[in-house]
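Please read the points below with the model open beside you.

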Amino acid sequence: MRTIRMKLLVAIGVFFALFAAFVLQRTWSLSRRHAMELTDRQAALALEFDLAIRRYVKQEIRPRMREKIAEDEFIPEVMSTSFVARKVFEDVRRKFPDTILKFSSDNPRNPANRAGPEELEIIEYFNRNPRVKKWTGIVRMNGRRYYAHFNARRMKESCLRCHGAPADAPASLVARYGDTAGFYRTVGRVIATD
């Protein structure tokens, strides 16, 4: 009788141990998937917010400023989409220091926007794949892993005034940044990522 009872207790114990292991694994798996979904949504939201700021500056603020200033003038603090978006996100980053929102470029006007090796790989990926506009995945930056959303910024004809030849750019822009950084861009190439 004792051996039957012992065998039954062992069987029940093994069953509960296997069931507990299954529940723990399933809970861990669902929690991890949920955390990744939340991270993905937050990263997508941050990127879309950045792109909305850039569109607003480009479509609303810059045209109104052009009406009010000389043709050969450019005021980055209100006319540059990257300058304005970066300043907004510098404030956001103070509250979320582990979040990176960067406008990575291989030849930026602002050194803070210089692409690191991983970001240069993403820029090259976009240049090799001209139909791809966004990339999402894990990247390693400064020794840390980040879940990232990248948006390709391809050079457009309308951008050549400030990013083509320095002679065609507003004089105030060249006076402020010099005649090399951010210039000599080719239409269609990825010049930066958000």
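1. Phe49 has a relative accessibility of 45% and so counts as partly exposed, whereas Phe89, at 10%, counts as buried; here buried means under 20% relative accessible area, exposed means over 50%, and partly exposed lies in between, with a 1.4 Å probe and protein chains only. The model is a predicted one, in which local features need pLDDT of at least 70 and side-chain atom pairs count only at pLDDT 80 or more, while totals for chains, interfaces and linings use all residues. Residues are numbered from 1 along each chain as its sequence is written, and side-chain values use heavy atoms, with hydrogens and water left out.

2. The structure holds 5 aromatic pairs, a pair being two rings of Phe, Tyr or Trp (its six-membered ring) whose centres lie within 6.5 Å, with planes under 30 degrees apart counted as stacked, over 60 as edge-to-face and the rest as tilted. One of them joins Phe49 and Phe89 in an edge-to-face arrangement, with 5.6 Å from centre to centre and 80° between the planes. Because Phe49 belongs to helix H1 (residues 2-68) and Phe89 to helix H3 (residues 81-95), this pair ties together parts that are 40 residues apart in sequence; helices are DSSP runs of H or I with at least four residues, numbered from the N terminus.

3. The rings of Tyr125 and Phe126 also pair, and since their centres are 5.8 Å apart and their planes stand at 55°, the pair is tilted. Tyr125 is partly exposed, at a relative accessible area of 26%, whereas Phe126 is buried, at 0%. Elsewhere, Phe15, Phe16 and Phe19 form one aromatic cluster.

4. Two arginines deserve a look alongside the rings. The charged end of Arg86 sits over the ring of Phe83, 5.1 Å from its centre, and that of Arg109 sits over the ring of Phe183, 4.4 Å from its centre; the criterion is that NZ of Lys or CZ of Arg lies within 6 Å of the ring centre and within 35 degrees of the ring normal.

5. What of the cysteines? A disulfide is a covalent bond between the sulfur atoms of two cysteines, and it is assigned here to a pair of cysteine sulfur atoms within 2.5 Å. The structure holds 0 disulfides. Cys159 is in none, its nearest cysteine sulfur being that of Cys162, 8.4 Å away, and for the sulfur of Cys162 this closest partner, in Cys159, is too far for a bond. Cys159 counts as partly exposed at 26% relative accessibility, whereas Cys162 is buried, with a relative accessible area of 10%.

Key:
Helix = DSSP H or I, 4+ residues; strand = E, 2+ residues; numbered from the N terminus.
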